[in-house]
Amino acid sequence: MIMLKHLLQRTLIAMTASLALTGAALAQQYPSKPVTLLVPYPAGGLSDLIARTVNPVLAKQLGQPVIVENLGGGSGSVAAQRALNAPADGHIIFQGSPNELILAPLANSAIKFKSEEFRLVQMIATAQIAFLARKDLPVNDVDGFLEYAQKMAKEGKPITFASVGPGSFYHLLGEHMSKLTHIPMLHVPYKGAAPAEQDLMGSQVDIFLAPYGKKYDSMHKQGKLKILAMLNSERLDGVKDYPAISESKGLKNFTFNIWTGYFVKKDTPEPIVNALHKAITETLTDPAVRGKLEDNSQLLPKPLPLAAVGKAYADGIGQFRAIAKSINLQPE
């Protein structure tokens, strides 16, 4: 019996040492080929800009090319499912947010994956949300918009609001605004921000609650669209020319933002996750990366340690599920 006990102990020690060596080997070998940074929206939107800001420096950190691939559709679920279908080896990084990974599965019964199948490796930036309106909408502020929307609803012509897909964060914002104000509004889904803003500028849709990028400032000044407000509690640096939503009377507490992060499959080996977390964290300290993201009004948090990143994602799942429940979001 004593000999068997010693044999089991030696076997356990050998297995532990073997696993440690395997983990070290995985970390040293990763990445062994180009890495794909999967963006769940068409080129031209803010998500695409973030990816193309990060990927050159991330490539230097990883020692392999990082290729940006845009794959829109299904409120981001098409790209998310592709990431899940790939091997769990860290060579596909999903650039996502609660919008694609938490809300989309709640809103669309055809989406079968669960939020918990992904692991957040690092948070990248937080986007401010802009209240955009078509250039010829006869209003210039949020309270004026609410009066106009009420009038149009009574006439049987409810205003239209764009989103990047059914169940997306921007869909929920529109529905939540409609519920708070008791004003009927019509949802118009798109495959991404770029096609939505094209139709907004073409006056095919009335408003778009969208992640703010610096280009919207230029579009506003050129008369291509209107920025009625930012969904902030106060005016922040870089967008001080535009009212915070808190300055309105009808929606003063309608304050929201959303973060972007880099994800892998949950069962990706820990040494690879650690190596990727280190590379992304180093990338976020690069002055050029930070400068370009801040120029586009992204709010950059201090990079989090891996354990804190996991907690942030778990908290986000709970918070966004609560938002969906509050407006009784039903799967389509």
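**Reading burial, rings and strands**

Q: Is Phe169 buried or exposed?
A: Phe169 is buried, with a relative accessible area of 2%. Buried means under 20% relative accessible area, exposed means over 50%, and partly exposed lies in between (1.4 Å probe, protein chains only). The model is predicted: local features need pLDDT of at least 70, side-chain atom pairs count only at pLDDT 80 or more, and totals for chains, interfaces and linings use all residues. Residues are numbered from 1 along each chain as its sequence is written, and side-chain values use heavy atoms, with hydrogens and water left out.

Q: How many aromatic pairs does the structure hold?
A: Rings of Phe, Tyr and Trp (its six-membered ring) pair if their centres lie within 6.5 Å; planes under 30 degrees apart count as stacked, over 60 as edge-to-face and the rest as tilted. The structure holds 11 such pairs. In one of them, the rings of Phe169 and Phe320 have centres 5.7 Å apart and planes at 65°, so this pair is edge-to-face. It links distant parts of the chain, with Phe169 in helix H6 (residues 169-181) and Phe320 in helix H11 (residues 306-326), 151 residues apart. Helices (H or I, at least four residues) and strands (E, at least two) are DSSP runs, numbered from the N terminus. Phe320 also counts as buried, at 7% relative accessibility.

Q: What kind of pair do Trp259 and Phe263 form?
A: Trp259 and Phe263 are stacked, at 6.3 Å centre to centre with 20° between the planes. Trp259 is buried at 11% relative accessibility, and Phe263 is buried at 0%. Ring pairs also link Phe94, Phe113, Phe118, Trp259, Phe263 and Tyr313 into a cluster.

Q: Which residues touch the most other members of the largest nonpolar core?
A: In soluble globular proteins, nonpolar side chains tend to be buried together. A nonpolar core is a set of buried Ala, Val, Leu, Ile, Met, Phe, Trp, Tyr and Cys residues joined through side-chain atoms within 4.5 Å. Here the largest core has 108 residues, and Phe118, Phe131, Phe145 and Phe208 touch the most other members. Strand S4 (residues 118-134) gives the largest share of this core, 12 residues.

Q: What is Phe145 in contact with?
A: Contact means heavy atoms within 4.5 Å. Leaving aside neighbours within four places in sequence, the contacts of Phe145 include Phe131, Leu137, Ile159, Met177 and Leu228.

Q: Which strands pair with S4 in the antiparallel sense over five bridges?
A: Two strands pair if DSSP finds at least two bridges between them. S4 pairs in this way with strand S7 (residues 207-211), where Phe208 is the bridge partner of Leu132. Five bridges also join S4 to the antiparallel strand S8 (residues 225-230), with Ala133 opposite Lys226. Nine antiparallel bridges connect S4 with strand S9 (residues 257-265). As for burial, 16 of the 17 residues of S4 are buried.

Q: How many residues of strand S3 are buried?
A: Five of the five residues of S3 (residues 92-96) are buried, so S3 is largely enclosed by the rest of the structure. In a regular strand the side chains alternate between the two faces of the sheet. In S3 both faces are covered, with Ile92, Phe94 and Gly96 on one side and Ile93 and Gln95 on the other. Strand S1 (residues 35-39) pairs with S3 in the parallel sense over three bridges, whereas S9 is joined to S3 by three antiparallel bridges.
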